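Hi everyone, thanks for making time today.

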Amino acid sequence: MSHGPRSGLAAVSSALLAMSRHLEVRDVLKTIVASARELLDAQYAALGVPDDHGGFAQFVVDGVSEEQWKAIGPLPRQHGILAAMLHEAGPERLADVRKDPRFGGWPSAHPDLADFLGLPIRDGDEVIGALFLANKNRARPEGTCGFTPDDEELLGILAQHAAIALTNARLYERSRELTIAEERSRLAHELHDAVSQKLFSLRLTAQAAATLVDRDPARAKGELQQVAALAAEAADELRAAVVELRPAALDEDGLVATLRTHVQVLDRAHTARVTFAGHGVKALPAAQEEAMLRVAQEALHNALRHAAAEHVDVTLHRRGTGAVLRVTDDGTGFDPQAVRRAGRHLGLVSMRDRAGGAGGRLTVSSAPGKGTTIEMEVPGG
């Protein structure tokens, strides 16, 4: 079989190995789409993962620029040819998708597609995705499909391995989320037991001191000293718990990988497009990395839950020996001065406290209707 610039067993093997190399779901989806487009020499490729509401939880494309993708608009719904691939058993190979009776049009910024090859990705009886290619890069007679039966067979092989890679990536992510949840639950129980006991003792000792102040000042002084000791122990317990609660992924993977994973999870969970880019950042002191992660989480929460943002971009880049985190959204924005005067904080106080506690600084740029940019800089070690 011949399939464009890369052909033969070596090319197929390379694509399959690339699929199995990634553990994050979105990375697997991107690899599948890029491999399919290159192997079958198509101009465009896409892969959609359906949700339970008639749309797509994820939709990854290859061959379309970021600017084109933004101009196209919201993710497609499950209709027309896409619905056929999700709900019918066989592949679809068409000479001109625009002439198919199921074709329902596309947005004005959408690239013009002609010949088309698509098929479902199955895990057993469950359809977990739809993979398709369009515009074969070769001359073809009028009214014929550029994609051949050999192309269809090769895409079927890719789809089978894509199902395995995608299922493994999902299992990995679920396993990791469960491990983190179980560990945090354990620490929460330990924190509750240890600190509750200290606070209960603290309360009883303080009450005893209050009753002794007038009739036995010396004993009252001893009880107050005990109060101070118990308070110090409770503070130590809390500090130890905070250290343990530092995200495991941050310790294991570092700030860049942890932020990337967090952003990928949010991108899957929300209709807004959430992206991350990290450039040349070296390991920072633990307190600075944790502060940056917490500020990013707070800023992302505000953008996705309160600002009705459609796009949120997170960047992390090196500056000197330190780093700069920037979270930018195209949401409703706000007047920082008005928010401060009204006594509302939108998490800004805690973000500033975290930045200051790590030796860094936080700046907030926003205006009504103009989106928001949160920037945090830390000096490094």
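Let's start with the lining of the largest pocket: its residues divide into 13 nonpolar, seven polar and 10 charged. Do keep in mind as we go that this is a predicted model.

Staying with that pocket, its volume is about 850 Å³. There are 30 residues in the lining, and those nearest the centre are Trp69, Gly73, Leu75, Thr271 and Arg273. Which elements give two or more residues to this lining? They are α2 (25-39), β2 (56-62), α3 (66-72) and α7 (248-269). The element that gives the most is β2, with six residues.

Now let's step back to the whole chain. You are looking at 381 residues, of which 43% count as buried. The chain has 10 helices and 10 strands. If we take the contacts with a separation of 6 or more, 63% of them come from residues 24 or more positions apart.

How far can we trust the picture? The mean pLDDT of the chain is 82, and 84% of the residues reach 70 or more. Over residues 1-7, though, pLDDT stays under 50, and the model has 18 contacts beyond four places in sequence for them. Where pLDDT is low, the predicted coordinates should not be read in detail.

Next, please find Asp115, in the loop between β3 (92-94) and β4 (116-123). Is Asp115 buried or exposed? Asp115 counts as buried because its relative accessible area is 2%, and the cut-off for buried is under 20%. The side chain of Asp115 makes a polar contact of 3.5 Å with the side chain of Arg140. A polar atom of the Asp115 side chain also lies 3.0 Å from the backbone nitrogen of Gly146. Beyond its neighbours within four places in sequence, Asp115 is in contact with several residues, including Leu94, Leu133, Lys136 and Phe147.

Last, a pair of backbone angles. Most residues other than glycine have a negative phi. Asp41, in the loop between α2 and β1 (42-50), has a positive phi near 55°. Ala308 is not a glycine either, and its phi is positive, about 55°. You'll find Ala308 in the loop between α8 (286-305) and β7 (311-319).

Note on methods. Residues numbered from 1 in each chain as written. Predicted model: local features only at pLDDT ≥ 70, side-chain atom pairs only at ≥ 80, totals over all residues. Heavy atoms only, no water. 1 Å grid on protein atoms, 1.4 Å probe; cavity = no way out; pocket = protein on both sides within 12 Å on 5 of 7 lines; lining within 4 Å. Points joined across faces, edges and corners; volume = space filled by probe spheres on them. Helix = DSSP H or I, 4+ residues; strand = E, 2+ residues; numbered from the N terminus. Nonpolar A, V, L, I, M, F, W, Y, C, P; charged D, E, K, R; others polar. Buried < 20%, exposed > 50% of the residue type's maximum accessible area, 1.4 Å probe, protein only. Polar contact = N/O pair within 3.5 Å; in protein donor to acceptor, adjacent residues only side chain to side chain. Contact = heavy atoms within 4.5 Å. pLDDT = per-residue confidence, 0-100.
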